[in-house]
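Work through the exercises below with the sequence and the model side by side. Each task is followed by a solution in steps.

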Amino acid sequence: MNPTAATGFVLEVASADDFEALHALHLRAMRESLEHLGRYDPRHARERLAAGFAPEHTHHIVVDGRRVGFVVLKPLSHVMRLDHLCIDPAAQRRGIGSQVMGWVFAQADAVQFPLELCALRGSKANHFYLRHGCVKTGEGT
């Protein structure tokens, strides 16, 4: 049983074959924010996602049997790194991201590591992460 099922979502480990679907979802989720910043570049987004793609640390976020997003959480030697948290725009503003952040923090707490992430400078996602208790220590480009 998936321990997250009680909160309204389940996580399914991704496979290498899922990259294209994850990339498409990533573009949908990030497009508005990147266009607002004048930085929408599908090729660059693909390269960035591919460079850090680790299926064993990538989970599909599934609600009511439908994949609505994905999260990439990597255990490193001294931190848990949240590389991506993407929710399809059609599923946003329903509390799914907040629930997933609860899972992310629980994973970091379980190994007693701090959580590290890098959000895009100027992105609306920064407000989301700050609202969930993250502390700004720098900015990504």
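**Exercise 1.** Which residues of H1 meet which residues of H2 in this predicted model?

Solution. 
- Step 1. On the side of H1, the residues are Phe19, Glu20, Leu22, His23, His26 and Leu27.
- Step 2. Their partners in H2 are Pro42, Ala45, Arg46, Leu49 and Ala50.
- Step 3. Sorted by kind, the residues of this contact are seven nonpolar, two polar and two charged.

**Exercise 2.** At what angle do helix H1 and helix H2 pack, and why is H1 called oblique to H2?

Solution. 
- Step 1. H1 covers residues 19-36 and H2 covers residues 42-51.
- Step 2. The angle between them is about 130 degrees, and their axes are 10 Å apart.
- Step 3. The crossing of the two helices is right-handed.

**Exercise 3.** Which elements give two or more residues to the largest nonpolar core?

Solution. 
- Step 1. This core has 22 residues; Ile61, Val71, Leu82, Leu85, Ile96, Val100 and Tyr129 have the most contacts inside it.
- Step 2. The elements are strands E2 (58-63), E3 (66-75) and E4 (80-87), together with helices H3 (96-110) and H4 (125-131).
- Step 3. H3 supplies the largest share, six residues.
- Step 4. Another core, of nine residues, lies apart from this one and includes Phe19, Leu49, Phe70 and Cys86.

**Exercise 4.** With which residues is Tyr129 in contact, leaving aside neighbours within four places in sequence?

Solution. 
- The partners of Tyr129 are Leu82, Leu85, Met101, Leu117, Ala119 and Cys134.

Notes: Residues numbered from 1 in each chain as written. Predicted model: local features only at pLDDT ≥ 70, side-chain atom pairs only at ≥ 80, totals over all residues. Heavy atoms only, no water. Core = buried A, V, L, I, M, F, W, Y, C linked by side-chain atoms within 4.5 Å. Buried < 20%, exposed > 50% of the residue type's maximum accessible area, 1.4 Å probe, protein only. Helix = DSSP H or I, 4+ residues; strand = E, 2+ residues; numbered from the N terminus. Contact = heavy atoms within 4.5 Å. Axes fitted to C-alpha atoms, helices over the stretch in contact; angles between N-to-C directions. Left-handed = near helix turned anticlockwise from the far one by under 90°. Nonpolar A, V, L, I, M, F, W, Y, C, P; charged D, E, K, R; others polar.
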